[in-house]
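Reader: I would like to go through the helix packing in this model. Please take the questions one at a time.

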Amino acid sequence: ARASAAGLKPGVMLRVRPVLLSQGINEEQSVANLMQTHTAEQTALNERALAQLNEFQAAAEALARARGEACFPPELLRQQRELLVRARQLLSSPPDPKNVGLLHATAALTRLLDGGRATLCKSGKDRTAMSITLEHTLLLQRAHGLSEHLASAALTAMRRHGVRRENVRQNTNKRVFAFNWMQQRMLPEAYRPPDGSAKSGAA
């Protein structure tokens, strides 16, 4: 409905404008944080990404003024602005060395802007699986009212029995995530696999 209100018609070519954010969560990021190596580059990359998201949000505001609230209702615009402010705060004053809150805020903002989203680590199976299952859980909470208690159970169930385990099997012939004990301890708590779903290996 919003696409129609914005004047988009079936078959019309759209320009894709990629935005890249980066936040390491593994043991290599821990070492980089400790040694202060390449952290400035990651910050600069994320600053550029937030500038682009700011442009998109401003375009959403302009579209709503030009074509009416059917494009982007006032409440939706308010939520976009709040997430943009939150993302800026997280980038300028990270609460944790591994600033995963920035990933959560910008992922939510991208969805509210009707943008497409992709998540990928180096291998596309282990850290990616932890990130995607966490994002799915957050979506269940925000969009469907899932309680925090049930959200924790849902997250564990997705990581134990969900399709990400099959993705791992397709890549490695084993249905376990390739985190060893040390790697698991280095991950932010929300990104750790449940007991019994991972074993030694490189991720």
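Reader: Which residues of helix 3 are buried, and which helices do the buried residues pack against?

Author: This is a predicted model. In helix 3 the buried residues are T39, Q42, L45, N46, A49, L50, L53, Q57, A60, E61 and A64. Their packing partners are helix 2 (27-35), helix 4 and helix 5 (100-112).

Reader: How are helix 3 and helix 4 oriented, roughly parallel or roughly antiparallel?

Author: Helix 3 covers residues 39-67 and helix 4 covers residues 74-92, and their axes lie 11 Å apart. The packing angle is about 165 degrees. Angles over 145 degrees count as roughly antiparallel, so helix 3 and helix 4 are roughly antiparallel.

Reader: Is the crossing of helix 3 and helix 4 left-handed or right-handed?

Author: The angle between helix 3 and helix 4 is about 165 degrees. As for the hand, helix 3 passes helix 4 in a crossing that is left-handed.

Reader: How many nonpolar, polar and charged residues are in the contact of helix 3 with helix 4?

Author: From helix 3 the contact takes T43, N46, E47, L50, L53, N54, Q57, A60, E61 and A64. Helix 4 supplies L77, Q80, R81, L84, A87, R88 and L91. By class, the residues are 8 nonpolar, 5 polar and 4 charged.

Reader: How many nonpolar, polar and charged residues does the contact of helix 5 with helix 6 have?

Author: Helix 5 contributes H104, A107, A108 and R111, and helix 6 contributes L134, E135, L138, L139 and R142. Sorted by class, these are 5 nonpolar, 1 polar and 3 charged.

Reader: Which helices do the buried residues of helix 6 pack against?

Author: Buried residues in helix 6 include M130, I132, L134 and L138. The buried residues of helix 6 pack against helix 5, helix 7 (148-161) and helix 8 (163-172).

Conventions:
Residues are numbered from 1 along each chain as its sequence is written. This is a predicted model: local features need pLDDT of at least 70, side-chain atom pairs count only at pLDDT 80 or more; totals for chains, interfaces and linings use all residues. Side-chain values use heavy atoms; hydrogens and water are left out. Axes are lines fitted to C-alpha atoms, for helices over the stretch in contact, and angles run from 0 to 180 degrees between N-to-C directions. Helices (H or I, at least four residues) and strands (E, at least two) are DSSP runs, numbered from the N terminus. Angles under 35 degrees count as roughly parallel, over 145 as roughly antiparallel, 65 to 115 as roughly perpendicular and the rest as oblique. A crossing is left-handed if the near helix is turned anticlockwise from the far one by less than a right angle, and right-handed if clockwise. Contact means heavy atoms within 4.5 Å. Ala, Val, Leu, Ile, Met, Phe, Trp, Tyr, Cys and Pro count as nonpolar, Asp, Glu, Lys and Arg as charged, and the others, Gly among them, as polar. Buried means under 20% relative accessible area, exposed over 50%, partly exposed in between (1.4 Å probe, protein chains only).
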